[in-house]
Amino acid sequence: MSTSLAVWTGALLTLAVLSFLYDDNPAWRITEHLYVGLAAGYGLGYTWQNYLRPVLLNQVGAPGGWIWIFPLVLGALLYTRYIRGWEWLARFPMGIWIGYGAGYILAYLPRVVVGQVTGSMVALNSLSNVALLVCLLGGFATFVFTLPDRPGLIRTAGRIGRYAILIALGVAFGGTVLYRFTLLYGQVHFLVHDWLGLGH
Amino acid sequence: MTALRRLDRRWLYLGVLLITVAAAVWPLRIAPRPTRETRTAFDLAQALQPGAGVFVYVEYGLGSREEMDPMLAAVLGHLADRGAHIVIAARSPEASQVAETVMGGVAARDPAYAKGYGQTWVNLGYRPAPDVALRAATSGIAAAYNEVDYAGRPLAGMPILQALRALNRTYFALAYAFDSGDGFAPMIYYVGTPTGLPVIIGAISMEVPLLQPYLAAGQLAAVIAGARGAAEYEALAGQPRRADVLVGASAMAAIYVLAVMLLGNLVARRP
Amino acid sequence: MGFDGPGYGARLLLPGYLGSALLAALLLALMLICLFRARHGLRMPHLRRLPGIRVLEEMVGRATEMGRPVHMTPGTDDPRNPQVLASFPILRQLALAAARYDTPLLHTSADQIVYALSDATIQQTYIEAGRASLYDPEHVRYLSDNPFAYAAAVMGMFRRERPAANVMFGNFGAEALLLIEAGADAGSLQLAATSNIFQLPFFVAGCDYTLIGEEMYVAAASVSGDPMLRSTVIAQDWMRLVVALLVLAGAIVHTLAGPSDPLRRWLQR
């Protein structure tokens, strides 16, 4: 059994969280509130340490760094959302933010999409290629919204597409369950191995 | 049947917990046969000449360490065996710490890396607006990362960045992203597609199916798939075995989940 | 080489960008046409009604009958994410129904700006519905910007307040499954909508109604009745049709012409 305070704290909190699976209880509530509070405190430290401090030190503080004052002020305008009568000022940084993001993605996304499109232009000489094309076109048909009474062909294709999507989601579901299980395994391994000193 | 239909879900939770505890106390090691994708990833790294430039982008944080750390360690260990020069960058401050810990462990085993920081490897860490940093790195790494490494040390004097100036095919042979969901797209958009640098994704098992279209279109060179891919890679590259225990535990869980799902679908009645 | 490599200064288009430039230009043109038509009140195609949207009212009705609240969350991302923006028309619709049925609407968020926007939306909707007195700031909650801490708080809240309906409309990360399980445990009728492909499998498996990907924008557009939102959805619909035809044509050309496939080569120029 461990003699480390950190391990004991971690182990007891893990058990308190797991106790929620049985029912709501005071131990769980304490951890719940502790977690929310810790996340708030951590967030503050994290923001200062990783965003504000490096920017202030390395960028604003550097020679010629005064120019960074403008984006800083612009960013600060986001908080005017909380000042009654001044909310409209927050639209400027928001507009720049969204516009910049959209422009950036528009510069880089289409070439990747074209790669996907040309990659999907497969020779129809094998069953898997035909299946790929049918599922792909079916997937497109699933997301046709502007034809309220979709023609029969598109409706059938849409149904095939929906099944193809569900199969893909099923595969992703399986992968996710396994991934989540490794998370649980890690925590249980910590309890069994680091805390209780059992196992390998 | 009726009793099963009314089964308190807490019994199911208990089942998962028992299996996990059993897997932790009596580990079951399964070493799967390498898939074609893992072998491709291995072959690409195996073909590297000593001193070849490799970019390793770490995206995953603390929540995915259990599955991803063994994979990252196996690949970095293999790259170190090949004598590659490794430039590490991270998508979050958390990922930067993760990368430092794992690379620290790998470097400790090899004198060329243990004493070679700044020569054989460097950790650039994280920079706010990570997509912008990644894009900018394709034309100049040091400037993109504000001329400092993860600990704030100046990059100017580091020989590795004298030789590997920009993240493109002129200087680098391979680029990796170790990813839990948000890292593969920027790597394809801002590095792989514009520069033509081969990109390998080390992925959590969850995102593997979603990477297939990129593999099929040739936008990715290879994918290492979750704990299973990590176990395969460890075996191929002769690295310390850590992931095969995870594969064993996942197999036990998969059988349990499958049994519960089958049972659930047999007894369930739609309301 | 990247964009900044030598030799690219004088070129209008980098090699390999012809196809993407054409597609991007076509999409922009379609959007502008649709926006123009919407702005001038010209005829626009109708959008298909999605089953998930028809149930919003029913969900609030159910909560009213059971005497329990309705819960809505836009997920854990910030308002730059279009999925989060798409949640506001849905929130408005839900708040209108809640005002009509006099049923408490709980709203939780994991981003300060989203919180402020949601709070304003709910308050404004109640005022417009003539039920300003129903607005309770205690019902609109910012919980934490850490997704798991947020989920922990929602789980506790669901155990204690047991909402009868749960609408999850926005971008979700790994916390999605915790929210679904909390809703199932509280016996909530659940509607989920997201474009986050990693979480969709859970929503499909665990919720009563799911809107997949693009459907959430269609839902937002048809609920809001905003011609601008509708026009972007319609433009994207046409674009999908163009791409589908392109792929089909490409596959046929590729089958007939083999590796010398001129269409593919032209697109990749």
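Predicted model: local features only at pLDDT ≥ 70, side-chain atom pairs only at ≥ 80, totals over all residues.

Modeller: Start with B:A129, which is found in the loop between β3 (121-123) and α7 (130-137) of chain B. Residues are numbered from 1 along each chain as its sequence is written, while chains are lettered from A and ligands numbered from 1 in the order in which they are written.

Now the backbone. Most residues other than glycine have a negative phi, and most peptide bonds are trans. B:A129 is not a glycine, yet its phi is positive, about 60°. Is B:A129 buried or exposed? B:A129 is exposed, because it has 10 other C-beta atoms within 10 Å. The cut-offs are simple: 20 or more other C-beta atoms within 10 Å of a residue's own means buried, 12 or fewer means exposed, and in between is partly exposed, with C-beta atoms placed from the backbone.

Chain B has another such case. B:N146 also shows a positive phi of about 60°, and it is not a glycine. This residue sits in the loop between α8 (141-144) and α9 (159-163) of chain B. B:N146 has 19 other C-beta atoms within 10 Å, so it counts as partly exposed.

Next, where chain B meets chain A. Their contact takes 39 residues from chain B and 35 residues from chain A. Two residues are in contact if their C-beta atoms, placed from the backbone, lie within 7 Å. On the chain B side, the elements that give two or more residues are α2 (9-25), α4 (65-81), α10 (184-195), α11 (208-216), α12 (226-237) and α13 (243-267). The largest share, 7 residues, comes from α2(B). That side of chain B divides into 27 nonpolar, 9 polar and 3 charged residues. Nonpolar covers Ala, Val, Leu, Ile, Met, Phe, Trp, Tyr, Cys and Pro; charged covers Asp, Glu, Lys and Arg; the others, Gly among them, are polar.

Look at two helix pairs. Helix α6 (residues 152-195) of chain A packs with α13(B) at an angle of about 120°, with their axes 9 Å apart. Axes are lines fitted to C-alpha atoms, for helices over the stretch in contact, and angles run from 0 to 180 degrees between N-to-C directions. α6(A) and α13(B) are therefore oblique to each other. Angles under 35 degrees count as roughly parallel, over 145 as roughly antiparallel, 65 to 115 as roughly perpendicular, and the rest as oblique. The contact is made by A:V177, A:L178, A:F181, A:T182 and A:Y185 of α6(A) with B:L246, B:A249, B:S250, B:A253, B:A254 and B:V257 of α13(B). Those residues divide into 9 nonpolar, 2 polar and no charged.

α6(A) also packs with α11(B), at about 125° and with axes 8 Å apart. That angle makes α6(A) oblique to α11(B). Here A:A168, A:V171, A:A172 and A:G175 of α6(A) meet B:V208, B:P209 and B:L210 of α11(B).

Finish in chain C, where C:A174 lies in the loop between β4 (165-171) and α6 (176-185). C:A174 is buried, because 22 other C-beta atoms lie within 10 Å. Leaving aside neighbours within four places in sequence, C:A174 is in contact with B:G63 and C:P147.

Key
Helix = DSSP H or I, 4+ residues; strand = E, 2+ residues; numbered from the N terminus.
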